[in-house]
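User: I am new to reading protein structures. Please walk me through a few features, one at a time.
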Amino acid sequence: MTNHPPYLRGLLPPSYPISLSKISNFFLLSHVNLQSSLTLSSLKNLEEISTMAESSIGGGGGGGGGALVPSMKTDSPLETSSGDGGESIACDKDFLCPICMQIIKDAFLTACGHSYCYMCIFTHLRNKCNCPCCGRFLTPKLIFPNFALDKILKKMSNHQFAKNASSSDQIRRALQQGCDVSVKDLDCLLSLLAEKKRKMEQEEAETNLQLLLEFLVSLRKRKLEELSQIQNDLQYIKEDIDAVQKYTRDLWNVNKSCTARLSLREDDLDITGICPIAPRSLAGGSATQQVMLSGLLCGGDSVSGRCSKETLENDFRAGLELYQLAPTERFKARKRQVETQFSDLQECYLQKRRHWDKQKQAAERDLSNKNSFGYHEGLEDFKSVLTSCTRYSQLKVVSELRLGNVFHSANIISSIEFDRDHDLFATAGVSKRIKVFEFSSVVDEPAEVHCAVVDIATRSKLSCLSWNTYTKNFIASSDYEGIVTVWDVSTRQSVGEYEEHDKRAWSVDFSRTQPSLLVSGGDDCKVKIWCTKQERSVLNIDMNANICSVKCNPGSSMHVAVGSADHNIHYYDLRNISQPIHVFSGHRKAVSYVKFLSSTELASASTDSSLRLWDVKENKLLQIYRGHVNEKNFVGLTANSEYLSCGSETNEVFVYHKAISKPVARYKFNTSEFNNADHDRGSYFISSVCWKTDSPVIMAANSQGNVKILSLAA
């Protein structure tokens, strides 16, 4: 006798058969599948199944579960939830209940031939007496169980479950639904699961051990390589220490001989005069220190010209100890600079030392690699970097002038440029004027308001200036209307206007090697190459993004660098503009400026608050500089052979040494200088900077029209 669901009681005889499949048959048939398809991730599922099987042995399993059946394909599959097991099955839309639009559950057929879920049609007939599909008269006595449809849907559900569920899920479902299975069959299943679990645990352990071994071997290999490199570096450092100490002893020997000769000619010894190579701390020290040093440098044997090696070494040690005991403030300041930049200096030293060692090995220790001081070029190169990057630590104001108009808010100075001889400098910006000043008069005269020697009115706001390096009086400008103009500052007249840009022109630059060549770029995504002897552009480079900056290579008239809003620097050879020679990528936002330090070194600035230095010959990144803030404005970029400088949206000027990623000096414009107290002072920013070539002097202007002449200082 079979216990039917409540909704079938009274409709089916008690002995009506519902077929069940023996779960043991499934276990035997799926044994091969268990051995092959279960993965390591199924181990937890196996443990759960084992627990369920054990509980089935103890409590017995009731009947009622359906076994997996052969698959059935329908013509129009539709993914729908079956509702009872939670799995989705593919079925025809005719298998959906017209009332709930879900897979029909407990199908009942009406007298008019439509099938519904039992609960759906029963609930409907409580309120109405018609068929939901055709509207015919219908009562609960005119609906009948649709066993055929139930059987089809159950087969479809089982087929879909067998297709998508893992073996462990299939077994779990069979155990949960209950089955007519003997204890012997369950014991067989438990033994199979236990054996599978053991094998999986063994495979998992072997895999983990193999993975650990591979990691340890790789780690050991890397650490041995690092150890070898550290040992090589220590050897480099030892050799360089010996070389520097040897050179220092030689200097002391030379000074000692010089002191001995001069002591025969002079009655009073002046350490500052006779020992120009002696440590500065002693040369400027107290009289006691000078007397002590004179005793070290010229003992009794020195006067007679006889100096033993032991005496010289003792003198050297004593002098070095005295120097270390009495360092000057200047030495302390430079030492602090070294400590601040130690990581970058260490990387710079090791990079140069390793590079030189490779060259030395290639040359088989050619003695020609040694310089006149007796140590190699790599150390000499690093010494020059160490000297230059610790030479300066701050920026001091030399002079200033105020070009801002208190009655006009448009005071941003977009560009400052020195002329060919660095006697004059020009400023331009949103005030629609080009003003030319004499540098010496601005520095020498104390007045804050200086008169320009040339003042040229323009039709539009200006974005960039560039002096001609051949014709001293020619200067080019680009403006917000896209017009590129060449001016003669001596006559205050334009000598050429180029109006081919469709939108604002951001940048213009004269070539240093070809004075008649001019390049410009702007928001129309075009780079224009002009010749001052022709009315129209000679070349046009179409790009995919706005052009923020263009710059000619100072060593070649054929190469141009372009900073673009696509975050890249495009480097072109004008003899073939179909594609760039190389695209330097790495910035995360628009490239606002490009500047050449030399014919092979190119600096770039971006609104990602970083500067980058590139080697355009080797097409590689040399250094990244961070410290300033630049997220939206043009803050300026300038460079000489050793240093880079840029502005910041914090109203500060930053200076970087090209070998060091951190700033070596900075200067903040004083916000108390601004008269507009109601204005948001956080909006002030540096808008332009410019080096005075071959000098430590920088000119900087900010968004309020204030210009300061700054000088690097110790």
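Analyst: Start with pairing: two strands pair if DSSP finds at least two bridges between them. Helices (H or I, at least four residues) and strands (E, at least two) are DSSP runs, numbered from the N terminus. Here four bridges join strand S9 (residues 433-438) to S10, and the two run antiparallel. This is a predicted model: local features need pLDDT of at least 70, side-chain atom pairs count only at pLDDT 80 or more, and totals for chains, interfaces and linings use all residues. Residues are numbered from 1 along each chain as its sequence is written, and side-chain values use heavy atoms, leaving out hydrogens and water.

User: In S10, what is the bridge partner of Lys435?

Analyst: Strands of a sheet pair through backbone hydrogen bonds, either parallel or antiparallel. The partner of Lys435 in S10 is Asp455.

User: Which strands are the edge strands of the sheet?

Analyst: The open sheet has four strands in the order S7-S8-S9-S10, with antiparallel pairing. Strand S7 (413-418) and strand S10 (454-457) are the edges, as each pairs on one side only.

User: Is Gln341 buried or exposed?

Analyst: Buried means under 20% relative accessible area, exposed over 50%, partly exposed in between (1.4 Å probe, protein chains only). Gln341 is buried, because its relative accessibility is 2%. Gln341 sits in the loop between helix H13 (329-340) and helix H14 (342-362).

User: Where is Thr139?

Analyst: Thr139 is in the loop between helix H4 (118-127) and strand S5 (143-145). With a relative accessible area of 21%, Thr139 is partly exposed.
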